[in-house]
Amino acid sequence: MENQFRFRQLSYSAIFFGLLLCLGACTPGKVASKKTTNSSKDLAALAYSQDTKVLAKGQQLFQGYCSPCHNFLQKGIGPSLEQVTAVVTPSWLKAFIRNAPAMIEKGDPRAKQLFAEYNQLMPPFSEIKEADLDAIVAYIHSQHKEPEKQNSDLGTPMQNPIAEKIAKSGLALQIEHVATAPPTGTKAPIARINQMRVLPGAKDRLFIHDLRGFLYELIDTSWHIALEMKKERPKFIFDPGMGTGFGSFAFHPEFYQNGLFYTTHTEPPGTAPADFAYPDSIKVTLQWVITEWTIKDPKAKTFTPASSRTLFRVNVVTGIHGVQECAFNPGAKKGDPDYGLLYIGIGDGGASESGFPFICHDKSRIWSSVLRIDPKGKNSKNGQYGIPASNPYARMSDAEACREVFCRGFRNPNRYTWTPDGRLLIADIGHINIEELNLAVPGGDYGWPYREGTYVINPKAKMDKVYALPADDSKYNYLYPVLQFDHDEGKAIEGGFVYTGATIPELRGKYIFGEIALGRVFYAEVDQLKQGKQATIYELELKMDDKMVKMLDLNKGIKPDFRLGVGLNNELFIYTKSDGKVYKVVGCVKNQ
């Protein structure tokens, strides 16, 4: 099956190489290095080609492989690269990209420091053509910039925003491996399995999708392809970027009666006119497409579309923070105002860290928002869907506000869920310092890109610092998270679920969530999730075959790309993109 899915594996792995590399390079205090003299800078420059054709090739390769996570302005998923070639030598830079594990094993101080900091072992890339590598590093060097002074108007940057560590709960989840997804790649991530959904019916069915374009029905331990995006949408792409591809899917509440099914996916820029665009002087990297499908036979194993239509298209600046989830409120019943309304989470598309914060901090624009639309309606600007009358901006004109928006001010609202009492929780992946969970308030503004968690961030300068809230903060009317943690604990929040299963009573009433890069699992009591307060976070450890385990160890040091899902009978699952393994949580025990 692997031969069927040939793709640029380098684009994903190189992102992490760049992240590790540049963290080391941009934090020279952590590993001793001599200050570069002017003469040595000149000599180093000679090692990088200045040929315009080489630089043009390097720029093209950089945009395909690196730009979803890196730029030359400030940190993104990976740190900014504007000073890396002033800190490490060209030979070190190339050698590290070629074979970082070998450099770690040989005891290279900088390589060891990077591994210790991220606790992840990146694979070697000996297959990279020398000319391509030379072009990439030459282009990186051509973008070198001297350090900028931090904006002092905001006060002193917070050195450790949240000093208190997350406490261990004394509980461990007992997990067992139940299935492994079909490989869609030859290197990590082996299978980019992303979301799990239960389709309610006479007999509940379990589905899970891979970002590379496959929707599977998981029957016991067998994976059956229900829909293949590339066959249905020839323009479908799944790179660049770790969130690019088949983003999400949702079954209409009356799927077995009407066959309606909704997806989000990516296509190249300019594939079709965008319904939501920005000034044409700003680069478009991807176009996200929201589609309604009508399935001929909803009971069939393979979904054959009788028809499909595009609801709308959205341009994004980079390959990150696109349309991460679409979902219906599972608790809404016929006659409820929320019944049949589709929620869609749209990130900032990397606009803020690319220097265009106005794209995502404007209520007349769609980015950085959770939307709510009526897919059966027709009163949208393009006439393909409806704007619910209960939406907070519904009565405003198109010029005043984006009427699709339910709430806004998020960097990447990649996961959301509803509590048993009907509250909507939105997990927002942060930038460099804070990860957060928010309680949705219609019309609420959660502050991005001027707030990260309960702190100030400055999108017009370096965004790697956060500051204390000003004394007059109330005048901005921002809403703040109901829980948050900083990057001492993990790099990216994985939104979860309130456990409602019957087999593990110790978890009932708890919101279970996690951290993507390290695979840690946390919980907070759901009754503590209240606007204006911060819930206490506890860590749940993992146990497998009577041994305490860590997800990072199960993945042999490779970033697990950890996910949480709810399966049949409301039971909890965890799974990882790096190796495509699915684990079921079968118990919760006291950890001695």
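## A salt bridge to start from

Lys475 and Asp472 form a salt bridge in which the closest N and O atoms are 2.9 Å apart, the term standing for a side-chain nitrogen of Lys or Arg within 4 Å of a carboxyl oxygen of Asp or Glu. Lys475 counts as exposed at 54% relative accessibility, whereas Asp472, with a relative accessible area of 36%, is partly exposed; here exposed means over 50% relative accessible area, buried under 20% and partly exposed in between, with a 1.4 Å probe and protein chains only.

This is a predicted model, in which local features need pLDDT of at least 70 and side-chain atom pairs count only at pLDDT 80 or more, while totals for chains, interfaces and linings use all residues. Residues are numbered from 1 along each chain as its sequence is written, and side-chain values use heavy atoms, with hydrogens and water left out.

## Other salt bridges

A search of the whole structure finds 20 salt bridges. One of them joins the side chains of Glu292 and Arg309 at 2.8 Å, N to O; because Glu292 lies in strand E8 (residues 286-295) and Arg309 in strand E9 (residues 305-316), the pair ties together parts that are 17 residues apart in sequence. Strands (E, at least two residues) and helices (H or I, at least four) are DSSP runs, numbered from the N terminus. Glu292 counts as buried, at 9% relative accessibility.

The side chains of Arg365 and Asp362 also meet in a salt bridge, at 3.6 Å from N to O, and Asp362 counts as partly exposed at 26% relative accessibility. A network of salt bridges links Lys165, Lys168, Glu489, Arg520, Glu539 and Glu541.

## The sheet that holds E8 and E9

Strands E8 and E9 belong to an open sheet of four strands, with the order E6-E7-E8-E9 and antiparallel pairing, where two strands pair if DSSP finds at least two bridges between them. E6 and E9 are the edge strands, each pairing on one side only. Within this sheet, strand E7 (residues 260-267) pairs with E8 in the antiparallel sense over eight bridges, and His265 stands opposite Val289 in E8.

## Strand E23 and its partners

Strand E23 (residues 538-544) is largely enclosed by the rest of the structure, because five of its seven residues are buried. Strand E1 (residues 167-180) pairs with E23 in the parallel sense over five bridges, and Gln174 stands opposite Lys543 in E23.

Two antiparallel pairings also involve E23. Strand E22 (residues 521-525) pairs with E23 over three bridges, with Phe522 opposite Glu539, and strand E24 (residues 547-549) likewise pairs with E23 over three bridges, with Lys543 opposite Met548. The hairpin of E23 and E24 has two residues between the strands, and in this hairpin Asp545 takes a positive phi near 55°.

## The second largest pocket

The second largest pocket is lined by 41 residues, and Val198, Pro200, Phe328, Pro330 and Gly331 lie nearest its centre. On a 1 Å grid over the protein atoms alone, where a 1.4 Å probe is used, a pocket is an open set of points with protein on both sides within 12 Å along at least five of seven lines, and lining residues have an atom within 4 Å of a point. Among the elements that give two or more residues to the lining are strand E6 (246-251), helix H8 (255-258) and strand E10 (323-328).
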